[in-house]
Amino acid sequence: MEALFHVATFYVFAAFALAGAAISAFSRRLVYCVFALLLTFLGVAGLYVLLSADFLAAVQVLLYAGGILVLLIFGVMLTHEIADVSTEANFTDIKFGAVISGILWLLLVVYICKVPWAVLDPLPPYAPTTRAIGLQFLGDYLVPFEYSSFVLLLVVLGAATLARKEVD
Amino acid sequence: MIPIGLHAYLVVAASLFCFGLFCVLTRRNSIGLLIGIELMLNAGNLNVVAFSRFIGSPIEGQIWAIMVIILAASEAVIFLALLIAIYQNFNTIDVDEIAMLKE
């Protein structure tokens, strides 16, 4: 019963993620693309939960669905006339893109199914990860942690410098 | 009922990646390009977490996934700041139109 529930949940979240990705890849309306991305982010967050990554799922919802998506919507609104209905995402060279990504998809799927992955046999049980991640960030991964805070500071400064209006 | 293994997650991630690649290759609007890049980053992250769950060391994989999310957020911020600067100068964000260096 529990296994059945697990499988069903996986298929629901995978369908969410793939449907969102398909809409945002093929839709002609840019606003639809951005909002379909929400489906993808939530679906991927659900898959993280199934992969026993609860903290990462929360980060995904907060940062992707809450932050990056709002940023993208702001980008659409600021760079198009708001009343302009025809915010269309025009395509160029659809055949070329479809052939390249189709071939890549086929290759990837064939090799994923061919390779005998050395999967752990009894998978580790589901356990909360937040405490372990926090301890690692202040222990072994202290340098990447501090470095990423430095990167974020630079990003704030850089974005403010790039986007401000030139004053003579 | 077959339990969900590593393959299923990898196939989902590969499909997400290919949708993102299609987006990047075919869009002319810069925000469309950014959408494609975000899809590809999500696919990569899903791969990292799936491998770390199924082939050992789950915490390390999740930490690097968090790093990728941080860098993706920074990249989106810089990208949109650049877009606003470009829009003020060119009045468009169509990547085929922004070609002033060529002329």
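Is Leu46(B) buried or exposed? Leu46(B) is buried, with a relative accessible area of 0%. (Buried means under 20% relative accessible area, exposed over 50%, and partly exposed in between, using a 1.4 Å probe and protein chains only.)

## Basis of the model

This is a predicted model: local features need pLDDT of at least 70, side-chain atom pairs count only at pLDDT 80 or more, and totals for chains, interfaces and linings use all residues. Residues are numbered from 1 along each chain as its sequence is written, chains are lettered from A and ligands numbered from 1 in the order in which they are written, and side-chain values use heavy atoms, with hydrogens and water left out.

## Chain B positions

Leu46(B) sits in helix 2 of chain B.

Arg27(B) belongs to the loop between helix 1 (6–26) and helix 2 of chain B. Arg27(B) counts as buried because its relative accessible area is 2%. From Arg27(B) to Ala73(B), 46 residues apart along the chain, the C-alpha separation is 21 Å.

## The largest pocket

The largest pocket holds about 330 Å³ of space. Of its 16 lining residues, the closest to the centre are Glu2(A), His6(A), Leu50(A), Tyr126(A) and Arg53(B). (On a 1 Å grid over the protein atoms alone, a pocket is an open set of points where a 1.4 Å probe fits, with protein on both sides within 12 Å along at least five of seven lines; lining residues have an atom within 4 Å of a point.)

Helix 1 (2–26) of chain A and helix 2 (30–54) of chain B each supply at least two lining residues. Helix 1 of chain A gives the most, with 5 residues. By class, the lining has 12 nonpolar, 2 polar and 2 charged residues.

## Chain A surface and loop

A nonpolar surface patch is formed by Val99(A), Ile103(A), Leu107(A), Val110(A), Tyr111(A) and Val115(A). Together they have about 530 Å² of accessible area. (Patch residues have over 30% relative accessible area and no salt bridge; nonpolar side chains are joined within 5 Å. A salt bridge puts a side-chain nitrogen of Lys or Arg within 4 Å of a carboxyl oxygen of Asp or Glu.) Val110(A) lies in helix 4 (residues 94–114) of chain A. Val110(A) is partly exposed, at 42% relative accessibility.

Ser52(A) is in the loop between helix 2 (30–50) and helix 3 (54–79) of chain A. Its phi is near 65°, a positive value in a residue other than glycine. At 10% relative accessibility, Ser52(A) is buried.

Notes: Grid points are joined across faces, edges and corners, and a volume is the space filled by probe spheres set on the points. Helices (H or I, at least four residues) and strands (E, at least two) are DSSP runs, numbered from the N terminus. Ala, Val, Leu, Ile, Met, Phe, Trp, Tyr, Cys and Pro count as nonpolar, Asp, Glu, Lys and Arg as charged, and the others, Gly among them, as polar. Patches are made of residues with over 30% relative accessible area and no salt bridge: like charges are joined within 9 Å, nonpolar side chains (Val, Leu, Ile, Met, Phe, Trp, Tyr) within 5 Å. Accessible areas come from the Shrake-Rupley method with a 1.4 Å probe; for residues, only the protein chains shown count as cover.
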